[in-house]
Amino acid sequence: MSVVEAPHLQEQVTLLELVDRVLNRGVVVTGDITLAVADVDLVYVGLRVLLSSVATLDEAG
Amino acid sequence: MSETATATGWYVFGIVEAGARVDGVELVRNGDLAAIVSQVDLAEFGHEALRERLNDRAWLEDTALRHADVLQRVAAEHAVVPLRFGTIYDERSDVTGLLETRGDDFRAALEHVRDRVELGVKVWIDRARFEHSLADAPEHEESAGRAYMLRKQNEQRAAAEAAERLAQLAQGLHAQLSALAVDAVANRPQPRELTGRDETMLLNAAYLVPRGDTRLEAGVAGLQAAYAELGVSFEITGPWPPHNFVDTRDGRP
């Protein structure tokens, strides 16, 4: 998948921007959703992943 | 389409009006609204599988990018209400049910974002340089010795004062930029562990502006010129789909 091809993106989307938008924002639907992953606070899941990968990079560097 | 052994779910990217035409994804229509959907394999997107995969950074990044990409393409042509990443239903009828039960919210949100785009502004600050600029600017003329003493005292207070000044600066910048936008949101600045940058993120904001309106960009350029000497730098991104301006839960339209 290449996001760079999207016509209106000025630059490649970074995960920092995704955290502010896709992962942490947008309408959350609840109620009769069967697979209610929207209830998971994805930004914290994501941050934990990111923080641990940053730490890994630091250790590797 | 025949039934297969693979169970599929319905991943919902966002909501548009029923007349919208969107390539590469399906639309589930109900009345005047439509959900942008993609059928997904529940072996990958089922509840347990998803929890597992959220810990896979490459998968998370790819999947979040796809979510962003679909909405970006739709937003170029239509008013769209982005849903948060990871909204998945078991049945197609659940999707029409969503359009039914949340229809009024979606219609109001579509009106709010129609012909408008989201711009992201991150403001970064070199804290050492900022604190230095504070210490170097005594409020009154002083003798050299007195100024030195004051500076030593100031250094001890500098961190506390700087924190206060930074908060005021962030609020002031956000207020000035908000005046150039239809709607504005200040998100929590991201921590350095996440950004990987030496500078501190001072402001992490999003602004909703009319499509094609350049006043916010001009405003950012003006502030950049005014604040560069204080060690403040601005980063503007977009146009984005209006991810930050459709949340109906916290009182936003």
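1. Chain B contains an open sheet of 4 strands in the order β7-β8-β6-β9, with antiparallel pairing. Its edge strands, β7 (183-187) and β9 (232-240) of chain B, each pair on one side only. Strands here are DSSP runs of E of at least two residues, and helices are runs of H or I of at least four, numbered from the N terminus; two strands pair if DSSP finds at least two bridges between them.

2. The model is predicted: local features need pLDDT of at least 70, side-chain atom pairs count only at pLDDT 80 or more, and totals for chains, interfaces and linings use all residues. Residues are numbered from 1 along each chain as its sequence is written, while chains are lettered from A and ligands numbered from 1 in the order in which they are written.

3. Within the sheet, β7(B) pairs with β8 (residues 200-210) of chain B in the antiparallel sense over 5 bridges. B:A186 is placed opposite B:A205 of β8(B).

4. Helix α9 (residues 215-227) of chain B lies across β6 (116-125), β8 and β9 of that chain, and runs at about 170 degrees to β9(B). Such angles run from 0 to 180 degrees between N-to-C directions, with axes fitted to C-alpha atoms, for helices over the stretch in contact; contact requires C-beta atoms, placed from the backbone, within 7 Å.

5. Elsewhere in chain B, β1 (residues 8-17) is joined to β3 (residues 33-41) by 9 bridges in antiparallel fashion. B:Y11 has B:S38 of β3(B) as its bridge partner.

6. Strand β2 (residues 26-30) of chain B also runs antiparallel to β3(B), joined by 5 bridges, with B:E26 opposite B:V37. β2(B) and β3(B) form a hairpin with 2 residues between them, and B:G31 in the turn has a positive phi of about 65 degrees.

Conventions. Two residues are in contact if their C-beta atoms, placed from the backbone, lie within 7 Å.
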